[in-house]
Amino acid sequence: MRWIKGGNESGTVALIVAILVSSSLVIGMFVIVADTGSLFSERRVVQNAADASTMALVRECAILGNGAIDGISSGYSSPVCSNPINAKDFAQKYANLNSPDSLTDVIEVCGQYPLNSCSSNSGAIFDCKTVDPKYSHYVRVTTSTRTTQGTAIENIFSKILNQNDAGTSVPGCAQSAWGK
(Lines give C-alpha, C1' and ligand atoms only; values in the text may rest on other atoms or scores of the structure.)
Protein backbone atom coordinates (compact mmCIF):
# COMPACT_ATOMS: atom_id res chain seq x y z
CA MET A 1 0.00 0.00 0.00
CA ARG A 2 1.31 3.33 -0.91
CA TRP A 3 0.54 6.59 0.86
CA ILE A 4 0.18 9.68 -1.14
CA LYS A 5 1.56 12.67 0.57
CA GLY A 6 -0.79 15.64 0.27
CA GLY A 7 -0.33 19.29 0.99
CA ASN A 8 -0.75 21.15 4.26
CA GLU A 9 -3.69 19.67 6.28
CA SER A 10 -3.81 22.23 9.12
CA GLY A 11 -6.86 23.93 7.61
CA THR A 12 -8.84 20.69 7.78
CA VAL A 13 -8.69 20.59 11.56
CA ALA A 14 -9.83 24.21 11.78
CA LEU A 15 -12.73 23.44 9.43
CA ILE A 16 -13.83 20.43 11.52
CA VAL A 17 -13.64 22.49 14.74
CA ALA A 18 -15.67 25.29 13.12
CA ILE A 19 -18.36 22.84 11.99
CA LEU A 20 -18.59 21.25 15.44
CA VAL A 21 -18.78 24.63 17.22
CA SER A 22 -21.39 26.04 14.83
CA SER A 23 -23.55 22.90 15.03
CA SER A 24 -23.38 23.05 18.84
CA LEU A 25 -24.53 26.67 18.73
CA VAL A 26 -27.41 25.80 16.39
CA ILE A 27 -28.52 22.95 18.66
CA GLY A 28 -28.23 25.21 21.70
CA MET A 29 -30.31 27.93 20.03
CA PHE A 30 -32.91 25.34 19.03
CA VAL A 31 -33.20 24.15 22.64
CA ILE A 32 -33.59 27.72 23.93
CA VAL A 33 -36.25 28.50 21.30
CA ALA A 34 -38.14 25.29 22.12
CA ASP A 35 -38.06 26.04 25.86
CA THR A 36 -39.22 29.62 25.35
CA GLY A 37 -41.97 28.50 22.98
CA SER A 38 -43.32 25.97 25.47
CA LEU A 39 -43.35 28.61 28.24
CA PHE A 40 -45.22 31.13 26.06
CA SER A 41 -47.69 28.44 25.02
CA GLU A 42 -48.32 27.48 28.66
CA ARG A 43 -48.73 31.15 29.57
CA ARG A 44 -51.55 31.45 27.02
CA VAL A 45 -53.20 28.31 28.42
CA VAL A 46 -53.13 29.36 32.10
CA GLN A 47 -54.17 32.93 31.27
CA ASN A 48 -57.08 31.71 29.16
CA ALA A 49 -58.16 29.42 32.00
CA ALA A 50 -57.95 32.31 34.49
CA ASP A 51 -59.95 34.63 32.20
CA ALA A 52 -62.66 32.06 31.50
CA SER A 53 -63.11 30.96 35.10
CA THR A 54 -63.14 34.58 36.31
CA MET A 55 -65.86 35.54 33.83
CA ALA A 56 -67.97 32.52 34.73
CA LEU A 57 -67.49 33.17 38.45
CA VAL A 58 -68.40 36.85 38.09
CA ARG A 59 -71.57 35.86 36.30
CA GLU A 60 -72.48 33.43 39.07
CA CYS A 61 -71.67 35.96 41.80
CA ALA A 62 -73.62 38.77 40.12
CA ILE A 63 -76.79 36.70 39.81
CA LEU A 64 -76.22 34.69 43.01
CA GLY A 65 -76.27 31.57 40.86
CA ASN A 66 -75.77 27.99 41.98
CA GLY A 67 -73.24 27.13 39.28
CA ALA A 68 -75.54 25.02 37.15
CA ILE A 69 -73.76 25.81 33.89
CA ASP A 70 -74.08 23.05 31.33
CA GLY A 71 -71.18 20.61 31.45
CA ILE A 72 -69.79 21.68 34.83
CA SER A 73 -72.09 20.29 37.48
CA SER A 74 -75.70 19.99 38.44
CA GLY A 75 -75.14 22.96 40.68
CA TYR A 76 -74.34 23.62 44.30
CA SER A 77 -76.79 23.69 47.18
CA SER A 78 -76.16 27.40 47.75
CA PRO A 79 -74.92 30.27 45.59
CA VAL A 80 -71.37 29.64 44.39
CA CYS A 81 -69.99 32.90 45.79
CA SER A 82 -71.52 32.40 49.24
CA ASN A 83 -68.93 29.72 50.01
CA PRO A 84 -65.20 30.05 49.22
CA ILE A 85 -64.84 26.27 48.77
CA ASN A 86 -67.67 26.16 46.22
CA ALA A 87 -66.23 29.20 44.42
CA LYS A 88 -62.79 27.59 44.10
CA ASP A 89 -64.28 24.26 43.00
CA PHE A 90 -66.43 26.04 40.40
CA ALA A 91 -63.42 28.04 39.13
CA GLN A 92 -61.28 24.88 38.98
CA LYS A 93 -63.88 23.05 36.91
CA TYR A 94 -64.28 26.00 34.56
CA ALA A 95 -60.50 26.50 34.23
CA ASN A 96 -60.04 22.86 33.24
CA LEU A 97 -62.88 23.04 30.72
CA ASN A 98 -61.02 25.93 29.08
CA SER A 99 -57.59 24.32 29.13
CA PRO A 100 -56.62 22.15 26.13
CA ASP A 101 -55.16 19.45 28.38
CA SER A 102 -57.65 19.99 31.25
CA LEU A 103 -54.65 20.52 33.52
CA THR A 104 -54.59 23.98 35.08
CA ASP A 105 -54.43 24.59 38.83
CA VAL A 106 -56.56 27.28 40.40
CA ILE A 107 -54.32 28.63 43.14
CA GLU A 108 -56.54 31.34 44.57
CA VAL A 109 -60.12 32.54 44.28
CA CYS A 110 -60.75 35.73 46.20
CA GLY A 111 -62.85 38.85 46.16
CA GLN A 112 -65.74 40.35 48.03
CA TYR A 113 -67.05 38.84 51.26
CA PRO A 114 -67.86 35.95 51.83
CA LEU A 115 -65.01 35.01 49.48
CA ASN A 116 -61.54 35.15 50.97
CA SER A 117 -59.72 38.47 50.86
CA CYS A 118 -57.15 38.67 48.08
CA SER A 119 -53.52 38.31 49.04
CA SER A 120 -51.20 41.21 48.40
CA ASN A 121 -49.37 41.24 45.09
CA SER A 122 -45.74 40.20 44.96
CA GLY A 123 -44.99 42.71 42.23
CA ALA A 124 -44.21 39.99 39.68
CA ILE A 125 -44.85 40.81 36.05
CA PHE A 126 -47.90 38.54 35.73
CA ASP A 127 -49.59 39.48 39.02
CA CYS A 128 -53.03 41.04 38.90
CA LYS A 129 -53.05 44.67 39.85
CA THR A 130 -54.54 45.68 43.19
CA VAL A 131 -58.29 46.18 42.86
CA ASP A 132 -59.39 49.79 43.18
CA PRO A 133 -61.33 50.22 46.46
CA LYS A 134 -64.25 51.79 44.57
CA TYR A 135 -65.13 48.27 43.35
CA SER A 136 -66.88 46.46 46.16
CA HIS A 137 -67.99 43.55 43.97
CA TYR A 138 -65.09 41.74 42.35
CA VAL A 139 -63.51 38.33 41.90
CA ARG A 140 -59.89 37.34 41.22
CA VAL A 141 -58.76 33.93 40.01
CA THR A 142 -55.09 32.97 40.01
CA THR A 143 -54.04 29.93 37.98
CA SER A 144 -50.82 28.02 37.51
CA THR A 145 -49.23 25.23 35.51
CA ARG A 146 -50.14 21.63 36.14
CA THR A 147 -48.76 18.75 34.11
CA THR A 148 -49.23 15.02 34.32
CA GLN A 149 -45.85 14.92 36.10
CA GLY A 150 -46.46 17.75 38.58
CA THR A 151 -46.78 21.51 38.66
CA ALA A 152 -43.88 22.63 36.49
CA ILE A 153 -42.75 22.50 32.89
CA GLU A 154 -39.36 20.89 32.42
CA ASN A 155 -36.91 23.13 30.60
CA ILE A 156 -34.36 21.27 28.52
CA PHE A 157 -31.80 24.09 28.66
CA SER A 158 -32.09 24.51 32.44
CA LYS A 159 -31.87 20.75 32.94
CA ILE A 160 -28.62 20.66 30.97
CA LEU A 161 -27.12 23.40 33.14
CA ASN A 162 -28.54 22.15 36.44
CA GLN A 163 -29.59 18.52 36.94
CA ASN A 164 -31.63 19.51 40.03
CA ASP A 165 -33.78 22.05 38.14
CA ALA A 166 -37.40 21.48 39.12
CA GLY A 167 -38.80 23.26 36.05
CA THR A 168 -40.91 26.36 35.67
CA SER A 169 -44.41 27.02 36.91
CA VAL A 170 -46.24 29.59 34.79
CA PRO A 171 -48.82 31.86 36.49
CA GLY A 172 -52.04 33.39 35.21
CA CYS A 173 -54.29 35.93 36.90
CA ALA A 174 -57.60 37.54 36.00
CA GLN A 175 -60.02 39.69 37.91
CA SER A 176 -63.29 41.31 37.13
CA ALA A 177 -65.82 43.53 38.88
CA TRP A 178 -69.55 43.99 38.48
CA GLY A 179 -72.12 46.55 39.50
CA LYS A 180 -71.73 50.31 39.59
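Reply: Ser-176 counts as buried, because its relative accessibility is 18% and buried means under 20% relative accessible area, with exposed over 50% and partly exposed in between (1.4 Å probe, protein chains only). This is a predicted model, in which local features need pLDDT of at least 70 and side-chain atom pairs count only at pLDDT 80 or more, while totals for chains, interfaces and linings use all residues. Residues are numbered from 1 along each chain as its sequence is written, and side-chain values use heavy atoms, with hydrogens and water left out.

Ser-176 belongs to strand β3, which covers residues 171–177; strands (E, at least two residues) and helices (H or I, at least four) are DSSP runs numbered from the N terminus. Leaving aside residues up to four places away in sequence, Ser-176 touches Thr-54, Met-55, Val-58, His-137, Tyr-138 and Val-139. Contact here means heavy atoms within 4.5 Å.

A nonpolar core is a set of buried Ala, Val, Leu, Ile, Met, Phe, Trp, Tyr and Cys residues joined through side-chain atoms within 4.5 Å. The largest one has 18 residues, and Val-139 is among those with the most contacts inside it, together with Leu-57, Val-109 and Val-141. Two or more residues each come from α1 (10–63), α2 (84–97), β1 (104–111) and β2 (138–145). Helix α1 gives the largest share, five residues. In soluble globular proteins, nonpolar side chains tend to be buried together.

Charged pairs complete the picture. The whole structure holds two salt bridges, each a side-chain nitrogen of Lys or Arg within 4 Å of a carboxyl oxygen of Asp or Glu. In one, the closest N and O atoms of Arg-59 and Glu-60 are 2.8 Å apart. Arg-59 is partly exposed, as its relative accessible area is 46%, whereas Glu-60 is buried at 2%. In the other, Lys-93 and Asp-89 meet at 3.1 Å, N to O. Lys-93 and Asp-89 are four residues apart in helix α2, so about one helical turn separates them. Lys-93 is partly exposed at 29% relative accessibility, and Asp-89 is partly exposed at 32%.
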